[in-house]
Amino acid sequence: MESRSLTFRILRYNPETPDVKPYLQDFHVAEEPGMTLFIVLNKIREEQDPSLRFDFVCRASICGSCGMLINGKPNLACKTLTKTLPDITTLMPLPVFKLLGDLSVDTGVWFRDISLRTESWIHTDEVFDPQASEEKMDNELAKQIYEAERCIECGCCIGGCATANIKPNFIGAAGVNRVARFMMDPRDQRTEQEYFEVVGSEDGVFGCVGLMACDDNCPVGVPLRSQLAYVRRKMALAGWHMRSGGQK
C-alpha cells in the first residue's frame, strides 16, 4: 500500500523581524507507520527548513512543551498520530501565550505568574521538622490531590478557553486546578476568605463561562470540569458567609 503524501500548512512568523508579516507555508512529508506530528516536525526541520521553530523535550506527553493548534484544536504534537489527520493539516501556535516564533510559545512565564497569583504552595504556621514522621493522608484524598497534580502545564486548556483569549488576567482552568489542589490538602491552613481573595473574582473561578473547552482539550485527562465545579461551589459558599458576616 502506497503511503500518503501529507501537507502541513504551518504559520511562520518571527517577532524579531516584525516587518515580515505572518504567513502560512506548506511542507510535504511522506507518511510512515506510527508517525506522530512530533516526528513530522523534526523531519521538516532536519530535511527541509532548519529555521522552523517549535518546542519539545520528552516526546511522551509528559513535559507539555509541544502544545499547538492542530487544525484549530489544541493538542500535543507528540501525542497526535498522523493517521488521525487529513491529507492537509494546519498548524498554528497556541494563543494567549507570548509567541517566540512559528509554533513556539512561552508558557513558562504565564504559568509562573499563575503560581504566584494563586500562591501555589502550602500555607502553614507549623515549623518544618526534618526528624518528624511523614504526615499521613487518607488514600482517597491523596488520589484526588494527585489528579490535580497530573497537570503537565502544556497550555492546551488555556489556548482553547474563550475567556482566556479575551481576558489576559483570567487564570483559566489551569489556575483554578492549582487552587483546587491546595483547597483539598489538609496541610494548607488558609481560610475560605483567604482563598476567596485569590480566586473569587471574574479573573478567577467566576470568569468561567462554562463552555468547558478546557476539559475537552486536556491531553492527559485532568478532570478540569470537576475541579472548576468544586472551587466554584466553595467560593460561592465563602461569598455567602462573608456577606452574612461569618467566616470559615
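Which residues in H3 meet Asn 177, Arg 181 and Met 184 in H6? They are Leu 141, Gln 144, Ile 145, Ala 148 and Glu 149. The account below places this contact within the whole chain and then returns to the helices.

The model is predicted, so local features need pLDDT of at least 70 and side-chain atom pairs count only at pLDDT 80 or more, while totals for chains, interfaces and linings use all residues. Residues are numbered from 1 along each chain as its sequence is written, and side-chain values use heavy atoms, with hydrogens and water left out.

The chain has nine helices and seven strands; helices (H or I, at least four residues) and strands (E, at least two) are DSSP runs, numbered from the N terminus. Along the principal axes, the C-alpha atoms fill a box of roughly 70 × 40 × 30 Å. Of the 248 residues in the chain, 44% are buried. Buried means under 20% relative accessible area, exposed means over 50%, and partly exposed lies in between, with a 1.4 Å probe and protein chains only. Among contacts with a separation of 6 or more, 64% are between residues 24 or more positions apart, where contact means heavy atoms within 4.5 Å.

Five strands form an open sheet in the order E2-E1-E5-E3-E4, and the pairing is mixed. Two strands pair if DSSP finds at least two bridges between them. Strand E2 (23-30) and E4 are the edge strands, each pairing on one side only. From one strand to the next, the twist averages 35°.

Strands of a sheet pair through backbone hydrogen bonds, either parallel or antiparallel. E3 and E4 make a hairpin with two residues between them, and Asn 71 in the turn has a positive phi of about 55°. Across the pair, Leu 69 stands opposite Pro 74 in E4, and Met 68 stands opposite Asn 75. In a regular strand the side chains alternate between the two faces of the sheet. Strand E4 (residues 73-76) has Pro 74 and Leu 76 on its covered face, and Lys 73 and Asn 75 on its uncovered face.

Ser 61 lies in the loop between helix H1 (37-47) and E3. With a relative accessible area of 18%, Ser 61 is buried. Apart from neighbours within four places in sequence, Ser 61 is in contact with Leu 76, Cys 78, Lys 79, Ile 152 and Val 220. Pro 86 lies in the loop between E4 and E5. The relative accessible area of Pro 86 is 42%, which means that this residue is partly exposed. Leaving out neighbours within four places in sequence, Pro 86 is in contact with Arg 4, Leu 6 and Asn 71. Pro 86 and Arg 4 are 82 residues apart in sequence, and their C-alpha atoms are 10.0 Å apart in space.

Helix H1 has as its buried residues Leu 37, Phe 38, Val 40, Leu 41, Asn 42, Lys 43 and Ile 44. Their cover includes strand E1 (5-12), E2, E3 and strand E5 (88-92).

Two packed helices are described by the angle between their axes and the distance between the axes. Here axes are lines fitted to C-alpha atoms, for helices over the stretch in contact, and angles run from 0 to 180 degrees between N-to-C directions. Angles under 35 degrees count as roughly parallel, over 145 as roughly antiparallel, 65 to 115 as roughly perpendicular and the rest as oblique.

The axes of helix H2 (residues 107-117) and helix H6 (residues 172-184) come within 10 Å and cross at roughly 40°. H2 is therefore oblique to H6. The contact involves Trp 110, Phe 111, Ile 114 and Ser 115 of H2, and Ala 174, Gly 175 and Arg 178 of H6. By class, four of these residues are nonpolar, two polar and one charged. Ala, Val, Leu, Ile, Met, Phe, Trp, Tyr, Cys and Pro count as nonpolar, Asp, Glu, Lys and Arg as charged, and the others, Gly among them, as polar.

Helix H3 (residues 139-149) packs on H6 at an angle of about 160°, with the axes 9 Å apart. H3 and H6 are therefore roughly antiparallel to each other. The residues of the contact of H3 with H6 divide into four nonpolar, two polar and two charged.
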